[in-house]
Amino acid sequence: MADETQEAGGVHFPFPFTPYAIQKDFMAALYQVLEAGKIGIFESPTGTGKSLSLICGALSWLRDFEQKKCQEEERLLEAGAPTSSDGLAPALGPPSSCQGSPGTPEATGEPDWITQFVQKKEERDLVDRLKEEQVRRKKREERLQQIRHNAKLRFAAKRMRQEDEETERLLRLSREMLAAGTEPEQVASGEEELVLAEYESDEEKGVPSGVDVDEDDLDEEHVTKIYYCSRTHSQLAQFVREVQKSPFGQDTRLVSLGSRQNLCVNGDVRKLGSVQLINDRCVEMQRSKHERKSITEEEEPTRRRRRQEPRATCPFYSHERLQLLRDEVLAGVKDVEQLVALGKEARACPYYGGRFAIPAAQLVVLPYQMLLHAPTRQAAGIRLQGQVVVIDEAHNLIDTITNIHSIEVRGSQLCQAHSQLLQYTERYGKRLKAKNLMYIKQLLYLLEKFVAVLGGNIKQNPDTQNLSQAGTELKTINDFLFQSEIDNINLFKVRRYCEKSKISRKLLGFTERYGAVLVPSMEQPKLSGFQDFLQSLQPGATAAPATTAEAGEDLSPRPASPLMHVEGFLEALTTANQDGRVILSRQGSLSQSSLKFLLLNPAVHFAQVVKECRAVIIAGGTMQPVSDFREQLLAGAGVEAERVVVFSCGHVIPPDHILPLIICSGPSNQMLDFTYQKRGLPQMMDETGRILCNLCNVVPGGVVCFFPSYEYQHQVYAHWEKSGLLARLTIRKRIFQEPKKANRVEQVLLEYSRCIKHCGQARGTETGALLLSVVGGKMSEGINFSDDLGRCVVMVGMPYPNIMSPELQEKMAYLDQTLPRAPGQARPGKALVENLCMKAVNQSIGRAIRHQKDFASIVLLDQRYSSPAIQAKLPAWIRDRVEVKATFGPAFAALRKFHREKAGLS
């Protein structure tokens, strides 16, 4: 159907077809939130066209914003200067920046003539800046139009690539001729790059390197844009396809960002496998192109020889080719796969090409981690000041932020890092400056104390060290620092040293070269124990350095340096004492034991996002209960209650296409109580089987049954096998179980789908399939059970998290201490547990209804669901239609009637 323009709330929204009423409401509410610069929590059930509503609503606002800005610029340029000091505020800046600062001339008490002079200069500067922006914008649009309409330009990159390859071939021949007469050096060739450069100062300013800020990035300012992020690359690819199909698909400058692991087109780097290794190799290759270490005069010949090595730079990092790739990216909407294909064709790096396209892009599509983790955000060149952020599939946003900033380091990693660092110091100690040695000694001390606090000895093999006491201990950050006897060390300085000196990368190169094992020598008798241990950890390593380096090329994926994990842990220890905890997990041997940092306050890391952005949209199919977002995330991040807007829309299906039932007792009048203490009773498992037998007799197609855990699912399945209930179930439905291994999920789903399709055509006694799934597993999120794949969804019990978990107990205690308790309400800690349970339930039962003509029954098996407080946490479109059945008879009659009436629709 041709694109249509819809009007809602006085705004015109282009749409690919006539939208549902709830989509119009969604777009109008979204537009108002963006215009007012607020924080929006948007809930739109899957199947209601949420992605298109987000695209058309947000890009319509951006279209109008850009038009207003251009009109304001034209007015200012025609007048030659603004008519008032805040004339730009409504159109050019976010609402939060509209107020004048106290440092303006009017507030300083200066004489009028000074005030007027300063004001006129500011006005002239503003007009000059606007003119420059217009010129840049015009040039950019001309370039993109040429690329869109001139096929010849598409071959420019190919020609350039052929020229570069020929040049590189000639250079390589020249280098080989020059290298023929080199003399032996004190240090092996290529090894000098492993030596740490002189560390200048503790107070060294964080000046970004040539890798992180490219001159191309500085060519134009970041235009106002929308950052859209979701959990997985497949979800992002689906979103990009929706943009392509939308009315904005032709004119929107969109860039898809991803990790180096997903975007790298350099085969030699990709085969490293590990994310960390790929990142580090890429950065090292760019450093060799952009910057040279400050080195002493006697090292100059070494530097020249190192520059000649062909592996020093990446052939896909060419400024000219990256410019062409950037323009190709902006000229048409492309997903990550298309970007990679384009990069291969142009022999230009898609990772950097995408980064350089960010400033001019209108819509940036990226995974959660790149936006929510500040160092990653900074490294990717993402600037949030005055921008719009849309976080989709955000039902697990709090957990995501917590997990990104929580880190665990094992005892084996601590010992390995200590051993590698000690060997590195032994080999290069005489070439290192005093400050390097000082910080390395501090790192060695920290590693020794971390192992000691677990009850181990740094000088022994962690695999053979059995700890005297086992169990889990939880400490505040300060208590952990005192117990570890490291409270006298400035961790901020150590962390900054690790960041600036790149010591973990040096250590990684050292261990790659020597396989982490040096040849025992007379000068190093004390290292032999560590070498034996490291030899056992890395069976592929050999004593000869050259052989090891060659063998290492074939190992894929290779493990990242253990010191990198330790650096992450050290960074976590600089968190404020009240916002995190350290968990000491002692598990028999030192190798299996670990130190884990647990983040208790995710709002600390989300605060910077909401502070810098113009507006933030948190969207999802099932956002209930929203109290977690309000209290744990937004209030803690300093967001005022009046800035938060909650929008929740119903479903597009007719009311009679869904039958949600809460069943309190089974066919034999057994009360359904699946608490942890009672769910393992034989009568409870028998009653569950009898209910499913009855359901399978009246429900056509597929039935999806969710259990609280894999263990309970297997327990029930084994019981049914013994009791004969399984045989009764298989008469009507073929039974499938969700596999624990993720790589088998797709195969099980394929067989499940084929079985239902075959049964629908055969019309025999077997009417479909029964899929036994697990809440929180692969089947409960991201999988669509539309139409006959899910005519009934059954939830067995309430999937409460493990209340005995130390992490959960600490989180509950933290919320009880920090969040206010409303009169008549449960404690915040108890509410957290209930909310975690209901979020998991809502995600699972939302799998069945996927489009307007779909229908399904939803059965909640547990009398606890009958509580009004629990029902209030169901999505509105289910809550408004739910029926509570105290006995099984009326529930079964309602189900049979529902599916008979809908039989003609399937």
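**Exercise 1.** Determine in which order the four strands form the open sheet, and which strands stand at its edges.

*Solution.* The four strands of this open sheet follow the order E8-E11-E10-E9, with antiparallel pairing; strands here are DSSP runs of E with at least two residues, helices are runs of H or I with at least four, and both are numbered from the N terminus. Two strands count as paired if DSSP finds at least two bridges between them. The model is predicted, so local features need pLDDT of at least 70 and side-chain atom pairs pLDDT 80 or more, whereas totals for chains, interfaces and linings use all residues. Residues are numbered from 1 along each chain as its sequence is written, and side-chain values use heavy atoms, without hydrogens and water. Next, E8 (407-410) and E9 (471-476) each have a single partner strand, so one side of each is left without a neighbour in the sheet.

**Exercise 2.** Trace the bridges that E10 makes with E9 and with E11.

*Solution.* Begin with E9, which pairs with E10 (residues 580-587) in the antiparallel sense over six bridges; among the facing residues, glutamate 473 stands opposite leucine 584, and threonine 476 has arginine 581 as its bridge partner. Then turn to E11, which is joined to E10 by seven antiparallel bridges, with leucine 584 opposite leucine 595. Finally, E10 and E11 form a hairpin with one residue between them, and glycine 588 in the turn has a positive phi of about 75°.

**Exercise 3.** State how many residues of E10 are buried.

*Solution.* Taking buried as under 20% relative accessible area with a 1.4 Å probe and protein chains only, seven of the eight residues of E10 are buried.

Conventions:
Buried means under 20% relative accessible area, exposed over 50%, partly exposed in between (1.4 Å probe, protein chains only).
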